[in-house]
Amino acid sequence: MKESIAMYEKILVPIDGSATSARGLQEAIQLAKLTGARLKLLHVVDDISFITSFEAGMGLTADVLQLLREGGQQVLQDASTQVRAAGLPVETELLESYAGRVSDLVIDNAREWGAQLIVLGTHGRRGVRRVFLGSDAEQILRMATVPVLLVRGTEVADTSATSK
């Protein structure tokens, strides 16, 4: 008698509302359909990045923080609707990053929840852009104790066609 073994039962999917994270979510949905996995969608309100960004200007007020939270909840709601439409079980969680890196929160959450895989979109930045902007995806890849599936965004150019 052949016994089926679920490779991944719990997949953590960090999302931020970008097209890149949407690609990661779609990949996670397809994988979960194949393995029967449960998805957990995680959104981190990154207060530190907002405070230090050029757009913030006046700093982080209570009203702005509330808007960031509400936006994060909407991102989670929209994504969980997609997962449920695919017939999959889903959990969501909103976290706030006051003093640490987003990557640390993702890794800690994966460990606490018992995730067996992390799936996330990456912008695939290289060179100075990656160094300047940092890479949470790279940190997650380096520090996670479970496999990490990075899904490249559509903005990553296919250099093979132009490098002749």
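Modeller: Let's start with a contact, which means heavy atoms within 4.5 Å. This is a predicted model, where local features need pLDDT of at least 70, side-chain atom pairs count only at pLDDT 80 or more, and totals for chains, interfaces and linings use all residues. Residues are numbered from 1 along each chain as its sequence is written, and side-chain values use heavy atoms, with hydrogens and water left out.

Colleague: Which residues does Ser103 touch, not counting residues up to four places away in sequence?

Modeller: Ser103 touches Asp136, Gln139 and Ile140. Helices (H or I, at least four residues) and strands (E, at least two) are DSSP runs, numbered from the N terminus, and Ser103 has its place in helix α4 (residues 102-113).

Colleague: Is Ser103 buried or exposed?

Modeller: Buried means under 20% relative accessible area, exposed over 50%, and partly exposed in between (1.4 Å probe, protein chains only). Ser103 has a relative accessible area of 0%, so Ser103 is buried.

Colleague: How do I read a helix such as α1?

Modeller: The expected span of a helix is 1.5 Å times one less than its number of residues. Helix α1 (residues 19-35) has 17 residues and reaches 24 Å from first C-alpha to last, close to the expected 24 Å.

Colleague: Which residues in α1 are buried?

Modeller: An α-helix has 3.6 residues a turn, so residues three or four places apart point the same way. In α1, the buried residues include Gly24, Ala28 and Leu31. Among the elements covering the buried residues of α1 are β1 (10-14), β2 (38-46) and α3 (62-85).

Colleague: Why is β1 described as largely enclosed by the rest of the structure?

Modeller: Because four of the five residues of β1 are buried. As for partners, two strands pair if DSSP finds at least two bridges between them. β1 and β2 pair in the parallel sense over five bridges, and Pro14 stands opposite Leu42 in β2.

Colleague: What lies over the face of Trp113?

Modeller: A charge sits over a ring if NZ of Lys or CZ of Arg is within 6 Å of the ring centre and within 35 degrees of the ring normal. Here Lys10 lies over the face of Trp113, at 4.9 Å from the ring centre.

Colleague: Where is confidence lowest in the chain?

Modeller: pLDDT is the predictor's confidence in each residue, from 0 to 100. Confidence is lowest in helix α5 (residues 127-133), at a mean of 42, and highest in β1, at 97. The mean pLDDT of the chain is 81.
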